[in-house]
Amino acid sequence: MRLVLAIILCKLARAGLRIIGRGGTALPGTLALKVCPDIVSRLSRNIRTVMVTGTNGKTTTCRMIEKMLTDAKIDCMANRSGSNLERGIAADLCANARITGRPRKRTAVIECDEAAFKRVCGEINPAVVVVTNVFRDQLDRYGEVTHTLESIRIGLERAQRAVVCLNADDSLVASLAPDAPDRVRFYGIDAPLGQGSEISDAPRCIVCGAEYEYDFHTYAHLGGFKCPKCGYSRTEPEVAIAGVDSLSTDGSVVEMRVDGEFYTAAVSLPAAYNLYNAAAATAAATSLGVSAEGAVKSLAYIESGFGRMERFELGHARVTMVLVKNPAGCDRAIDYFATMPEDADVVFCLNDGTADGTDVSWIWDAGFERLFESGQRKGRVIVSGTRAEDMRLRLKYAGADEDSVEIIRDVKQLTDAIAGCTGEVCVMPTYTAMLPLRAELAARVGKGEFWK
Ligand SMILES: [Zn+2]
């Protein structure tokens with residue numbers, strides 16, 4: 001009875017919010033959990049679930065898995081509405097449920113926040129878990145990387161039947177393998193990506209503390225690690241990007257190895273880090289019975305998720321918007337920007353809202369220096385957001401001529417400035433900076449597909 005009441009309340013709250021022009025799942029989900037605290041466990045009981053967690057790449061990996069399943073005619077639900085905490089997951093499970101609690105769709109792809117994972121994983125009892133990577137994220141929220149790792153480890157202990165897809169190249173993530181004996185499926189990238197990075201969140205062996213040696217680096221602390229002292233090292237992955245044929249701002253063509261067979265894959269998303277997401281998604285989908293050939297084919301038709309990486313045109317500007325939220329993710333965006341022509345313009349929007357992490361000191365850990373390695377930029381450099389001055393100061397220390405960095409605070413003026421650019425423009429906002437900018441750009445660009 002409590003279950004039925006919770007489902008009805010949740011559906012009503014969602015409908016009500018929609019009527020007054022607001023979306024969101026936090027309130028409906030909180031209501032549902034209050035009435036029926038074990039609602040997540042009860043509604044997911046008859047659903048085959050893939051859970052995706054980790055610091056970066058969760059949303060894109062989920063979209064890829066969803067696409068692979070749908071293309072294989074497996075009807076699935078996903079928590080696309082944005083909240084990956086327990087209340088958001090509860091609200092989306094309610095939306096998938098009939099009043100009686102029976103699920104409409106019997107397969108689910110669930111993105112789950114790393115901190116919420118330990119709890120939600122035990123309730124859902126997933127069929128497949130994907131761990132993307134562990135990087136230092138907003139410190140004020142999660143603490144150190146080992147804390148994040150521990151949360152994931154506890155979650156895995158509660159997922160006793162799951163196939164666990166782990167990033168073989170991430171020494172932190174790979175160390176979770178003993179927690180799921182005989183159920184691990186490794187994925188990774190077999191070759192260097194040629195995008196060196198200064199950041200390492202894990203320079204020292206998680207087992208014994210000695211410094212790692214690397215056969216190759218892909219980015220940050222990811223790559224072919226091995227510990228010279230205790231022998232902890234990268235495991236050869238079952239699903240791998242075996243070689244990269246081409247990499248551009250529109251996507252890449254790669255050679256993929258899945259369980260010993262080779263396939264050529266076109267990945268429709270730009271940037272090297274999406275190759276990790278592609279390998280992770282392929283490992284997950286093939287664990288659910290999708291053919292490797294089918295999974296790989298789907299990679300050519302992935303649309304970018306909400307704000308993570310979007311491309312659109314505005315006037316003569318070809319704009320790419322990349323959400324940034326932590327040093328490693330920001331480094332990926334900088335790597336991506338580096339593939340653009342040297343006169344490309346760049347916009348940084350730094351806010352310090354709760355959803356951004358109120359401590360903006362993380363910008364000092366991202367490698368903005370690489371933007372100015374070969375002198376001043378030919379394109380415009382614009383900073384915006386509530387912490388625009390901090391961003392300008394950071395760029396000054398990275399090598400920018402302070403006077404050439406423009407501060408544009410007003411969102412309308414910023415949109416005007418972007419519209420006035422010619423050629424490639426890369427916009428890197430934090431979460432709450434992205435929302436108003438996105439709304440303004442949407443009004444200007446005026447095309448529906450922008451906001452999928
Ligand atoms: Zn060691």
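Okay, let's start at a loop: aspartate 259 is found between S10 and S11. Helices (H or I, at least four residues) and strands (E, at least two) here are DSSP runs, numbered from the N terminus. Before I go on, this is a predicted model, where local features need pLDDT of at least 70, side-chain atom pairs count only at pLDDT 80 or more, and totals for chains, interfaces and linings use all residues. Residues are numbered from 1 along each chain as its sequence is written, and side-chain values use heavy atoms, with hydrogens and water left out.

Back to aspartate 259. Its phi is near 50°, a positive value in a residue other than glycine. Most residues other than glycine have a negative phi. The hairpin of S10 and S11 has 2 residues between the strands. Aspartate 259 is partly exposed, with a relative accessible area of 46%; for the cut-offs, buried means under 20% relative accessible area, exposed over 50%, and partly exposed in between, with a 1.4 Å probe and protein chains only.

There's another one to look at. Aspartate 182, also not a glycine, has a positive phi of about 65°. You'll find aspartate 182 in the loop between helix H9 (171–174) and S6, and at 83% relative accessibility it counts as exposed.

Now the sheet. What is the strand order? It's an open sheet of 9 strands, S2-S3-S1-S4-S5-S6-S9-S10-S11, with mixed pairing; two strands pair if DSSP finds at least two bridges between them. Strand S2 (76–78) and strand S11 (261–267) stand at the edges with a single partner strand each, so one side of each is left without a neighbour in the sheet. From one strand to the next, the twist averages 20°. Axes are lines fitted to C-alpha atoms, for helices over the stretch in contact, and angles run from 0 to 180 degrees between N-to-C directions.

Some pairings, then. S9 and S10 run antiparallel, joined by 8 bridges, and alanine 240 has arginine 257 in S10 as its bridge partner. S10 and S11 are also antiparallel, with 7 bridges, and there valine 258 is partnered by glutamate 261 in S11. Is S10 enclosed or open? Well, 6 of its 8 residues are buried, so S10 is largely enclosed by the rest of the structure. Elsewhere, S1 (residues 48–53) and S4 (residues 128–131) run parallel with 4 bridges, and methionine 51 has valine 129 in S4 as its bridge partner.

Lying across S1, S4, S5, S6, S9, S10 and S11 is helix H10 (residues 273–287), which runs at about 155° to S6.

On to helix H6 (residues 114–124). Its buried residues are Glu114, Ala116, Phe117, Val120, Cys121, Glu123 and Ile124. At the N-terminal end, aspartate 113 is the cap, with a side-chain oxygen 2.8 Å from the backbone nitrogen of alanine 115. Just after H6, asparagine 125 takes a positive phi of about 50°.

Last, confidence. Mean pLDDT, the predictor's confidence in each residue from 0 to 100, is 89 for the protein chain, and 93% of residues reach 70 or more. Over residues 447–452 it's below 50. Where pLDDT is low, the predicted coordinates should not be read in detail.

Terms used
Polar contact = N/O pair within 3.5 Å; in protein donor to acceptor, adjacent residues only side chain to side chain. Contact = heavy atoms within 4.5 Å.
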